[in-house]
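I opened my notebook to look up pockets, contacts and charged pairs. Here is the structure I worked from.

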Amino acid sequence: MQFHERNTGEQIMNVKVRFFARFRELLGTELIVEVAERMTLPDLIKQITQKNIEGHQAIFDEHGHFREYVIVMRNARRVDLADAEKNIVADGDDIAVFPPVAGG
Amino acid sequence: MFSERERERYKRQMMLFGDEGQERLKKAHIFIAGAGGLGSPVSLYLAVAGIGTLTVVDRDVVDQSNLNRQILHNDCDIGRKKTESAEEKLRAINPDIKIRAIDTTIEEKNASGLVGKADGIVDAMDNYPTRYLLNDIAIRKKIPLFHGAICGFYGQATTVIPGKTACLACIFPKAPPKEVFPVVGVTPGIIGMVQATEVLKYLLKSGELLTNRLFIWDGMQAHAEEICMERNPCCTACSSMSEIPENK
């Protein structure tokens with residue numbers, strides 16, 4: 001694990017976030033995001049989508065919760081959306097966010 | 001046993017899996033839900049591979065706007081029932097197999113009867129409510145579900161072995177909203193081929209099935225990856241199933 005130090009002494013971590021399908025079109029394929037300590041997984045995704053209204057609305061509902069069909073994986077493990085807030089991101093995390101595609 | 005014509009037709013693939021493998025395909029019955037974007041390539045390739053019986057179900061008629069991807073149907077088929085068009089093409093491409101083409105809507109009340117004694121279900125639908133229904137039927141009958149779905153240049157596929165691997169409801173507990181999806185024909189072509197390959201592997205009992213893995217294809221990046229999945233112990237569809245031996 002590699003931590004960087006800001007002048008404030010706050011630990012900075014790097015997290016990889018990958019989007020798929022429609023989310024990828026709106027938000028990009030893969031981002032390496034620098035995050036502050038103790039950031040929750042939903043807050044991380046909100047930080048990424050804050051300047052992209054369409055991307056934000058695709059992933060979050062009007063209450064700021066993950067839309068119920070969104071799939072979030074953290075280090076290849078499914079994140080239970082009901083408990084998403086309990087996920088504090090860690091340095092080196094690999095987060096994947098995607099919608100099910102429906103066509104046939 | 002095989003006729004001379006069948007031996008000649010399947011010669012190159014019998015180099016791969018022999019008389020025994022070809023016999024397995026010939027004895028098999030696969031249910032294909034949909035004769036559209038995914039159902040077209042899946043049914044064509046399963047037909048030429050020599051799957052003994054194919055049931056194809058669809059409720060629609062061929063529309064001009066289908067023809068960029070639904071390669072079972074030709075321009076002259078516009079206005080015809082998709083099942084009628086599908087049956088004609090599949091019989092023409094392989095007269096040595098049985099085709100059951102059924103023009104109906106797959107619903108709760110008829111789904112089990114439609115699937116009958118099929119050895120597996122190919123999900124070539126365009127909506128999640130019917131997919132969940134097919135998932136339930138697969139679980140009830142303890143037969144595999146070969147899932148595929150597409151949107152634009154993106155596609156996904158997975159194989160469900162009920163009671164043993166993550167089912168569709170484990171992977172996608174909630175359906176996305178219904179929408180008119182953009183699509184270019186190459187995407188269902190690719191995903192349909194993944195599904196058809198899975199069917200063959202399952203019937204031949206060889207290779208590693210796409211179980212507990214969601215295959216994700218991004219045509220624009222020419223990049224495929226897979227995401228590991230697992231059974232959800234609280235799954236509304238399959239959690240009551242304990243480990244069972246494979247059906248085939």
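I sorted the lining of the second largest pocket by class and got 10 nonpolar, one polar and seven charged residues. In this sorting, Ala, Val, Leu, Ile, Met, Phe, Trp, Tyr, Cys and Pro count as nonpolar, Asp, Glu, Lys and Arg as charged, and the others, Gly among them, as polar. I noted that this is a predicted model, where local features need pLDDT of at least 70, side-chain atom pairs count only at pLDDT 80 or more, and totals for chains, interfaces and linings use all residues. Residues are numbered from 1 along each chain as its sequence is written, chains are lettered from A and ligands numbered from 1 in the order in which they are written, and side-chain values use heavy atoms, leaving out hydrogens and water.

The second largest pocket holds about 420 Å³. Its lining has 18 residues, with R78(A), V79(A), D80(A), P173(B) and N232(B) nearest the centre. Strands β4 (71–74) and β5 (77–78) of chain A are the elements that give two or more residues to this lining. Strands (E, at least two residues) and helices (H or I, at least four) are DSSP runs, numbered from the N terminus.

The largest pocket has a volume of about 530 Å³. I found 25 lining residues, and R59(B), D60(B), M125(B), D126(B) and N127(B) lie nearest its centre. On a 1 Å grid over the protein atoms alone, a pocket is an open set of points with protein on both sides within 12 Å along at least five of seven lines, a cavity is a set where a 1.4 Å probe fits but cannot get out, and lining residues have an atom within 4 Å of a point. Points are joined across faces, edges and corners, and a volume is the space filled by probe spheres set on them.

**The cavity**

How many cavities of 30 Å³ or more does the whole structure have? My search found one. Residues of both chains line the largest cavity, among them F20(A), F98(A), Y154(B) and I216(B). Strand β6 (residues 154–160) of chain B gives the most, three residues.

**Between the chains**

I found 32 residues of chain B in contact (heavy atoms within 4.5 Å) with 22 of chain A. The area buried between them is about 2000 Å², and carbon and sulfur atoms give 59% of it. That is the accessible area (1.4 Å probe) that two parts lose on being put together, summed over both.

Three salt bridges cross this interface. A salt bridge is a side-chain nitrogen of Lys or Arg within 4 Å of a carboxyl oxygen of Asp or Glu. E230(B) and R77(A) form one, at 3.2 Å from N to O. D218(B) and R24(A) pair at 2.5 Å. This pair runs from strand β7 (residues 213–218) of chain B to helix α1 of chain A. Are D218(B) and R24(A) buried or exposed? Both are buried, meaning under 20% relative accessible area, with exposed over 50% and partly exposed in between (1.4 Å probe, protein chains only).

**Within chain B**

E226(B) and R213(B) form a salt bridge at 2.8 Å. E226(B) lies in strand β8 (residues 223–228) and R213(B) in strand β7, so the pair ties together parts 13 residues apart in sequence. R213(B) is partly exposed, at 21% relative accessibility.

Last, I checked helix α3 (residues 39–49) of chain B and found nine of its 11 residues buried. G50(B) follows α3(B), with a positive phi near 95°.
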